[in-house]
Every structure is written in C-alpha cells, then in structure tokens.
Amino acid sequence: EADYTRNIGTDMMVYDYLIFITPEGNISSEPLVPSWFLRVYSNDDVGAAYVNGDKVFEGNFVTSDWIDISDRLSTTEENTIRFTNWNSYGSAVWRFALRRNNSIVWEDSGRQDGAAGDRIIYDKTLTITSAGDLVTPSQ
C-alpha cells in the first residue's frame, strides 16, 4: 500500500493523490480522457512507430522515452498505431509497448536469428477506437 502523504512541518501534511470526478459525480482514479504513450525499445536494426500514418519515432539501437501521443489521437475516428522493425543483416530484435495512463496495455517483443537483410522484419498495427478502446490484431 502506497503512502501518498508527506510531512511538511510539525502540524501540516500534504496529500499527493489525484482524483477525478465523473460527469455523474462519481470519484475515479482514472482521468475522463485517457492519456496514451508508446515506447520503442532498443531495436536491432531500426525500430519505428507511427500514429495515424505520421512517424513519431525512429531509432537504431536506441530506446525512446515514453512518447505522449494523446494529442495525435482523434476522438471521432479510429486511430492506428503502427510499429515496425527494419533489419539490414543478421539477427533482428524488437520490443514495443503501448501505455494508457499509467498501465501498459500492450507489449510485444521478439527475435529472429539469421533474418534476411534489407527488409521490414516486424510490422504490426494496433487500433485505438474513437471511444478509447484498444483493438489488437489478434482480436
């Protein structure tokens, strides 16, 4: 159990906990409009992420920070999140993640030894609906 308080003096405490009030007047620990983040881990050779067709990250053996993609998502249309890994030669390694607020809701990783070079080894597209639901290719 986390302690969300800290003592700032002999008689005062500060509570570090954020709550949200729904339109119905209920208390929720989740915001009404979710925040979405993606992450590309150190990929061999090049990992990339796209939101609705726009590249938001590309890196060669580089791990991104959590990238906030909330402002790029539509609330009236479906959104696509695409992850790719390009390999020039030898083994290919990939790892990607998607987070909603503070929870990782999707993660995928893998390795392919002796992969043929100069091509995309991994290509997966996820959908976030206008209602904010995640749809993965396996669904």
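Modeller: Let's start with threonine 84, whose bridge partner in strand 12 is aspartate 123. This is a predicted model, where local features need pLDDT of at least 70, side-chain atom pairs count only at pLDDT 80 or more, and totals for chains, interfaces and linings use all residues. Residues are numbered from 1 along each chain as its sequence is written, and side-chain values use heavy atoms, with hydrogens and water left out.

Colleague: How many bridges join strand 9 to strand 12?

Modeller: There are 9, and the two strands run antiparallel. Strand 9 covers residues 79-87 and strand 12 covers residues 119-128. Strands are DSSP runs of E, at least two residues, numbered from the N terminus. Two strands pair if DSSP finds at least two bridges between them.

Colleague: And strand 13, how does that pair with strand 12?

Modeller: In the antiparallel sense, over 2 bridges. Threonine 127 has valine 135 in strand 13 as its bridge partner. The hairpin of strands 12 and 13 has 5 residues between the strands, and glycine 132 there takes a positive phi near 90°.

Colleague: Which residues have a positive phi although they are not glycine?

Modeller: Asparagine 52 is one of them, at about 50°. Phenylalanine 61 is another, at about 60°. Most residues other than glycine have a negative phi.

Colleague: Where do asparagine 52 and phenylalanine 61 lie?

Modeller: Asparagine 52 is in the loop between strand 6 and strand 7. Phenylalanine 61 is in the loop between strand 7 and strand 8. Asparagine 52 has 32% relative accessibility, so it counts as partly exposed. Here buried means under 20% relative accessible area, exposed over 50%, and partly exposed in between (1.4 Å probe, protein chains only). Phenylalanine 61 is partly exposed too, at 48%.

Colleague: New topic. Which residues does the cis peptide bond join?

Modeller: Aspartate 44 and aspartate 45, with omega about 10°. Aspartate 45 sits in the loop between strand 5 and strand 6.

Colleague: How many salt bridges are there?

Modeller: The count is 5, taking a side-chain nitrogen of Lys or Arg within 4 Å of a carboxyl oxygen of Asp or Glu. One joins lysine 124 and aspartate 108, with closest N and O atoms 3.1 Å apart. Lysine 124 is in strand 12 and aspartate 108 in strand 11, so the pair ties together parts 16 residues apart in sequence.

Colleague: Is aspartate 108 buried or exposed?

Modeller: Buried, with a relative accessible area of 19%. Lysine 124 is partly exposed at 26%.

Colleague: What about arginine 111?

Modeller: Arginine 111 forms a salt bridge with aspartate 113, closest N and O atoms 2.6 Å apart. Arginine 111 is exposed at 55%, and aspartate 113 is exposed at 53%.

Notes:
Helix = DSSP H or I, 4+ residues; strand = E, 2+ residues; numbered from the N terminus.
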